[in-house]
Amino acid sequence: MNRFALPVLLALGLATGGCGGGQRKDDAPVVVSVIGGEARLADPSAGPIDPAERVLMGATAQGLVRFDAAGQIEPGLAERWIVIDDGRSYIFRLREAYWPDGTPVTAAQVIRVLRRAAAPGSRNPLAPSSQ
């Protein structure tokens with residue numbers, strides 16, 4: 001999986017297992033208020049999302065990694081990773097996570113979401129600027 005920036009957001013809300021170690025609890029209820037239209041799950045690769053959808057995604061989506069309060073990269077959906085090829089490729093080891101319906105998140109599903117986000121014509125704001 002090369003050419004993927006570390007802070008890639010998955011476009012779907014993931015109900016994830018507990019992380020332990022004093023990190024935030026990902027299974028706690030999320031209450032979000034925003035002025036605008038009804039919040040729906042949205043795919044930023046399909047086009048622009050409105051403010052309510054952006055807030056919902058920010059509150060529920062899980063990336064491979066995330067930033068802590070100091071701006072340092074910490075594990076998200078990936079429990080660990082290695083960088084190879086002088087920073088051109090990354091290998092991620094996913095932690096146990098589940099979709100809202102209780103089915104496990106698989107590596108193949110994560111790859112599909114990342115490829116869609118980085119595909120030519122993707123409107124995802126995190127897509128590479130040139131292919």
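Visitor: In what order do the elements of the protein chain run from the N terminus on?
Guide: They go β-β-α-β-β-β-β-β-β-α, which comes to 2 helices and 8 strands. Helices (H or I, at least four residues) and strands (E, at least two) are DSSP runs numbered from the N terminus.

Visitor: And what should I know about the model itself?
Guide: This is a predicted model, where local features need pLDDT of at least 70, side-chain atom pairs count only at pLDDT 80 or more, and totals for chains, interfaces and linings use all residues. Residues are numbered from 1 along each chain as its sequence is written, and side-chain values use heavy atoms, with hydrogens and water left out.

Visitor: OK, the inside. Which residues make up the largest nonpolar core?
Guide: That core has 11 residues: Leu 64, Val 65, Leu 77, Ala 78, Tyr 90, Phe 92, Ala 97, Trp 99, Val 105, Val 110 and Leu 114. Strand E7 (89-94) and helix H2 (107-118) are the elements that give two or more residues to it. A nonpolar core here is a set of buried Ala, Val, Leu, Ile, Met, Phe, Trp, Tyr and Cys residues joined through side-chain atoms within 4.5 Å.

Visitor: What counts as buried?
Guide: Under 20% relative accessible area; exposed is over 50%, and partly exposed lies in between (1.4 Å probe, protein chains only). Buried residues make up 31% of the 131 residues in the protein chain.

Visitor: Switching to charges. How many salt bridges are there?
Guide: The count comes to 3, taking a salt bridge as a side-chain nitrogen of Lys or Arg within 4 Å of a carboxyl oxygen of Asp or Glu. In one of them, Glu 74 pairs with Arg 66, with the closest N and O atoms 3.2 Å apart.

Visitor: Which residues are linked in a network of salt bridges?
Guide: Glu 79, Arg 80 and Arg 93. Glu 79 meets Arg 80 at 3.2 Å, N to O, and Glu 79 also meets Arg 93 at 3.4 Å. Glu 79 is partly exposed at 36% relative accessibility, and Arg 93 is partly exposed at 49%.

Visitor: Now helix H1. Which of its residues are buried?
Guide: In H1 (residues 51-60), Ala 52, Glu 53 and Met 57. Seen down the helix axis, they fall within an arc of 130 degrees, so they line one face of H1. That arc is taken from the directions from the helix axis to the C-beta atoms.

Visitor: And which exposed residues sit on the face turned away from that side?
Guide: Arg 54 and Gly 58.

Visitor: What caps the N-terminal end of H1?
Guide: Asp 50 does, with a side-chain oxygen 3.1 Å from the backbone nitrogen of Ala 52.

Visitor: Last one: where is Ser 122 found?
Guide: In the segment after H2. Ser 122 is buried, with a relative accessible area of 18%. Leaving out residues up to four places away in sequence, Ser 122 touches Ser 45, Arg 116, Ala 117 and Ala 127, where contact means heavy atoms within 4.5 Å.

Definitions and conventions: Polar contact = N/O pair within 3.5 Å; in protein donor to acceptor, adjacent residues only side chain to side chain.
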